[in-house]
Amino acid sequence: LETLKRRASGGEETAVRRLASVLDDRGLTREAEPLLRQLYEEDARLWGPDHIHVRTSKNNWARVLSSISRYKEAESLLEDNFQRSKRVSGPSDRGTLIDM
């Protein structure tokens with residue numbers, strides 16, 4: 001775990017994504033949350049808030065927040081994603097409908 005964290009902090013985004021996924025899969029959701037937040041923040045800086053990869057990262061983060069009973073935070077992220085999807089892709093887009 002520590003080795004993966006060190007590698008991830010060196011800019012290896014894929015390692016961070018894998019680590020967050022493994023932690024979540026093993027029921028260590030609280031440990032996965034800060035990693036998913038970090039990935040979302042890095043994606044937003046790189047791609048901008050409206051990019052589909054950023055919205056996916058935000059959905060992943062919101063799902064984990066909901067899993068650890070941080071519902072208000074999750075709801076806020078999901079609502080923002082839904083509004084962005086409607087604006088960027090249109091209200092009848094498949095991604096927008098999924099974000100509902």
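Reader: Which residues does Asp43 touch, leaving out those up to four places away in sequence?

Author: In this predicted model, Asp43 touches Glu13, Arg17, Gly48, His53, Val54 and Ser57 once residues up to four places away in sequence are set aside. Asp43 itself has its place in helix α3, which covers residues 29–47.

Reader: Is Asp43 buried or exposed?

Author: Look at the relative accessibility and compare it with the cut-off: under 20% means buried. Asp43 has 3% relative accessibility, so this residue counts as buried.

Reader: What polar contacts does the side chain of Asp43 make?

Author: Let's take them one by one. The side chains of Asp43 and Arg17 are joined by a polar contact of 2.8 Å. With the side chain of Ser57, the side chain of Asp43 makes a polar contact of 2.4 Å.

Reader: How do the axes of α2 and α3 cross?

Author: Here you read a distance and an angle. The axes of α2 (residues 13–25) and α3 come within 8 Å, and they cross at roughly 150°. Angles over 145 degrees count as roughly antiparallel, so α2 is roughly antiparallel to α3. Their crossing is left-handed. On the α2 side the contact includes Glu13, Val16 and Arg17, and on the α3 side Asp43 is one of the residues that take part. By class, this contact has 8 nonpolar, 2 polar and 5 charged residues.

Reader: Which residues of α3 and α4 meet?

Author: From α3 they include Leu36, Tyr40, Asp43 and Trp47, and from α4 they include His53, Val54, Ser57 and Trp61. Sorted by class, the contact of α3 with α4 has 9 nonpolar, 5 polar and 4 charged residues.

Reader: Now to the backbone: what is phi of Ser69?

Author: Start with the general idea: most residues other than glycine have a negative phi. Ser69 has a phi near 65°, a positive value in a residue other than glycine. You will find Ser69 in the loop between α4 (52–67) and α5 (71–89).

Reader: What does Ser69 count as by relative accessibility?

Author: Ser69 has 48% relative accessibility, which means that this residue counts as partly exposed.

Key: Residues are numbered from 1 along each chain as its sequence is written. This is a predicted model: local features need pLDDT of at least 70, side-chain atom pairs count only at pLDDT 80 or more; totals for chains, interfaces and linings use all residues. Side-chain values use heavy atoms; hydrogens and water are left out. Helices (H or I, at least four residues) and strands (E, at least two) are DSSP runs, numbered from the N terminus. Buried means under 20% relative accessible area, exposed over 50%, partly exposed in between (1.4 Å probe, protein chains only). A polar contact is a pair of N or O atoms within 3.5 Å; within protein, one must be able to donate a hydrogen and the other to accept it, and residues adjacent in sequence count only if both atoms are side-chain atoms. Contact means heavy atoms within 4.5 Å. Axes are lines fitted to C-alpha atoms, for helices over the stretch in contact, and angles run from 0 to 180 degrees between N-to-C directions. Angles under 35 degrees count as roughly parallel, over 145 as roughly antiparallel, 65 to 115 as roughly perpendicular and the rest as oblique. A crossing is left-handed if the near helix is turned anticlockwise from the far one by less than a right angle, and right-handed if clockwise. Ala, Val, Leu, Ile, Met, Phe, Trp, Tyr, Cys and Pro count as nonpolar, Asp, Glu, Lys and Arg as charged, and the others, Gly among them, as polar.
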